[in-house]
Amino acid sequence: MRAVEIQEYGGPEVLRVVEAEVPAPGPGQVSIDVAYTGVNFADLKARADGYRVPALPFVPGLEVSGRVRALGAGVTGLAVGQEVAALTQGGAYADVVVADAVTVFPLPPGVDLRTGATLPTVLPTAYALIHTVGRLQPGETVLVQGAAGGVGTVLGQLASAAGAGAVYGVVSSAAKAEYAREHGYDEVFITSSTAPSFAKEVRGATDGRGVDLALDPVGGETLRASLDSLAPFGRLVSFGNASGAQPWQVGQPDLYPLALSVSGFSILTLAQTSPTELRTLTERAFQTVVDGVVSLPVTAEFALPDAAEAHRLMGTRTSTGKLLLRAHGADGATDLA
């Protein structure tokens, strides 16, 4: 089978297509003939900086859709040939991947394999940020960093459906602002990631009050500006560190004056620490697609050997929506040696 492998850290050019042995599932695992693989910013960090890479060589990729190829010992509730989406700990840039059965989810009726690949990381993350961690209440206001990205696209829709009083987004260009407004955002602020200045604009849009919930995947100074954008009793949820900045600490002097709270979310960590909770969260999140509450546009699709091109596009920070890689199983093939 084909796999896209990192043998050294660096730019997109270090992604190399290799021939690899087809993996077999161990106890409690499932092997999947991959149809589509989702491309995430975490993949770029793995390639460039070794983020969550246990050792080299390494095959990146955190989410797939496809058909169950084989079941490991003790796996129940899944069947060979069944169409599924899965969250993985890596290895998804390949024609076949192995995943823990607890993070393999049957595709709901009416959801095809191409759509299914957009779901495993983005949708549960967005659902948790709005409903489980963020605890958004009807009438409250929301501020989202990266409003035109994959998670941001879903957050705007979920927040609107939950009855948010207003949904504000932050993006880096006018084109992204236009895209965000088409996906649930009432107002979008354009700012530079190197000099975030949206807190003043947020105060202006909310008559000086600030927002009830701020959701931040960027970190660094952007996270600090998100905290400065909160209303009394506001909540800030950090769900990434795309900036690569050193983590900062927040303490009593920051939180006491307006009774603020700060929390965090990582779907990859939750998959390791509490897979049962992840499963419940994912099932609820997938239902929003079935019900037509949210959709995540696939804005670019690449053949598996062209993974480097997908990384180059995402690395420009100009892409919107979801990027996919098309693997062997997209054509229904399951005859790999």
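Analyst: Angles under 35 degrees count as roughly parallel, over 145 as roughly antiparallel, 65 to 115 as roughly perpendicular, and the rest as oblique. The model is a predicted one, in which local features need pLDDT of at least 70 and side-chain atom pairs count only at pLDDT 80 or more, while totals for chains, interfaces and linings use all residues. Residues are numbered from 1 along each chain as its sequence is written, and side-chain values use heavy atoms, with hydrogens and water left out.

User: Why are helix 3 and helix 4 called oblique to each other?

Analyst: Helix 3 and helix 4 (residues 150–161) pack at an angle of about 45 degrees, their axes being 9 Å apart. Axes are lines fitted to C-alpha atoms, for helices over the stretch in contact, and angles run from 0 to 180 degrees between N-to-C directions. The two helices are therefore oblique to each other. Helices (H or I, at least four residues) and strands (E, at least two) are DSSP runs, numbered from the N terminus.

User: Which residues of helix 3 and helix 4 meet?

Analyst: In helix 3, V122, L123, T125, A126, Y127, L129 and I130 meet G150, V151, V154, L155, L158 and A159 of helix 4. Contact means heavy atoms within 4.5 Å.

User: What makes V97 a buried residue?

Analyst: Buried means under 20% relative accessible area, exposed over 50%, and partly exposed in between (1.4 Å probe, protein chains only). V97 has a relative accessible area of 2%, so V97 is buried. This residue is found in strand 6 (residues 96–100). Beyond its neighbours within four places in sequence, V97 is in contact with V30, S31, I32, V34, V64, T88, G90, G91 and A92.

User: How do you know that the buried residues of helix 6 line one face of the helix?

Analyst: Helix 6 (residues 198–205) has F198, A199 and V202 buried. Seen down the helix axis, the buried residues fall within an arc of 105 degrees, so they line one face of helix 6. The arc is that of the directions from the helix axis to the C-beta atoms. On the other side of helix 6, K200 and G204 are exposed.
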